[in-house]
Amino acid sequence: MTSAVAGLPGGRAPAAVLFDMDGLLVDTERLWTRAQEDLAAHLGGVFTPQIKAALMGRGPDTALHLMLSLLGVDGSRFAEAADFVMGRIVELFAAPGAIVARPGAVDLLGALAAQGVPLALVSSSARVLMDHVLGAVGAARFQVSVAGDEVVRGKPDPEPYLRASRLLAVPPARCVVLEDSASGATAGLAAGCVTVLVPSTPQPPDVPADAVVPSLAHVTPAWLAALVDRRAPREG
């Protein structure tokens, strides 16, 4: 995993950039944490930082099954838990001003748009939540969006990113994935995309990625293009 931002030459813009949503583009992980805390209390348990870390980047169903297991709650309560947490998170996402862009996100979107780079929003969250985010940040910024309930296999499976690259008609190897979690970064790499980790919470030191940066404010179109170009020779 490469941690340095410096040391790469300037280049053209990447062929496409695929953005994760929660914790990467927008600061909504706090909303998910609130909903998960409320669910744990509803089920008679306590939502710990360790449980949160284990759920990061996973699809809704996978995350919920894991959460029930970690809380010691019988799996027969899955439907009850799913209804509770979905109702709560929709309520939180819909609150005025709840959806806030992460540092550097708006500037990077503008810089990529100025160079005509196709963009996709790719999330483990359901379409109803993604539409709230698109409404807040501007749906017109993205040529493609792929929600968690629109794929068969969610992250860390590569399906969401493969679908986005296919819809954009751009080879995965020329796409850059921006992710904030180990699960999402795994999905990006498995899809064959150049993958940059921008952690929103502490991550294990061995998370696979082509590069890791502390904030989207450190990312430019030229730097992303240079990452793609640097990987290309060893793939050709």
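**Entry 1**

I began with Pro-156, which sits in the loop between β3 (144-146) and α7 (159-168); helices (H or I, at least four residues) and strands (E, at least two) are DSSP runs, numbered from the N terminus. The peptide bond that leads from Lys-155 into Pro-156 is cis, with omega near 15 degrees. I note that most residues other than glycine have a negative phi, and most peptide bonds are trans.

The model is predicted, so I kept to its limits: local features need pLDDT of at least 70, side-chain atom pairs count only at pLDDT 80 or more, and totals for chains, interfaces and linings use all residues. Residues are numbered from 1 along each chain as its sequence is written, and side-chain values use heavy atoms, with hydrogens and water left out.

**Entry 2: confidence**

I looked up pLDDT, the predictor's confidence in each residue, from 0 to 100. The protein averages 91, and 93% of the residues score at least 70. Over residues 1-10 the pLDDT stays under 50, and the model has 21 contacts for them beyond four places in sequence; contact means heavy atoms within 4.5 Å. Where pLDDT is low, the predicted coordinates should not be read in detail.

**Entry 3: Ser-183 and helix α8**

I then turned to Ser-183, placed in helix α8 (residues 182-190). Leaving aside neighbours within four places in sequence, Ser-183 contacts Met-56, Gly-57, Arg-58, Lys-155 and Pro-156, and the last two of these form the cis peptide bond of my first entry. Ser-183 is buried, at a relative accessible area of 10%; buried means under 20% relative accessible area, exposed over 50%, and partly exposed in between (1.4 Å probe, protein chains only).

The buried residues of α8 are Ser-183, Gly-184, Ala-185, Ala-187 and Gly-188, and they pack against α7, β4 and β5 (194-197). After α8 comes Gly-192, with a positive phi near 90 degrees.

A positive phi of about 60 degrees also occurs at Ala-169, although this residue is not a glycine. Ala-169 lies in the loop between α7 and β4 (175-179) and counts as exposed, with 68% relative accessibility.

**Entry 4: cysteines**

I searched for disulfides, defined as pairs of cysteine sulfur atoms within 2.5 Å, and the structure holds 0. The cysteine sulfur nearest to that of Cys-175 belongs to Cys-193, 5.0 Å away.

**Entry 5: Arg-231**

I followed Cys-193 to Arg-231, which is 38 residues apart from it in sequence and 10.0 Å apart in space, C-alpha to C-alpha. Arg-231 is in helix α9 (residues 221-235) and is buried, with a relative accessible area of 7%. Not counting residues up to four places away in sequence, Arg-231 touches Leu-189, Gly-192, Cys-193, Val-194, Thr-195 and Asp-210.

**Entry 6: α1 against α4**

Last, I examined helix α1 (residues 29-42) and helix α4 (residues 78-94), whose axes come within 9 Å and cross at roughly 145 degrees. Axes are lines fitted to C-alpha atoms, for helices over the stretch in contact, and angles run from 0 to 180 degrees between N-to-C directions. The α1 side of the contact includes Trp-32, Leu-39 and His-42, and the α4 side includes Phe-84, Arg-88 and Phe-93.
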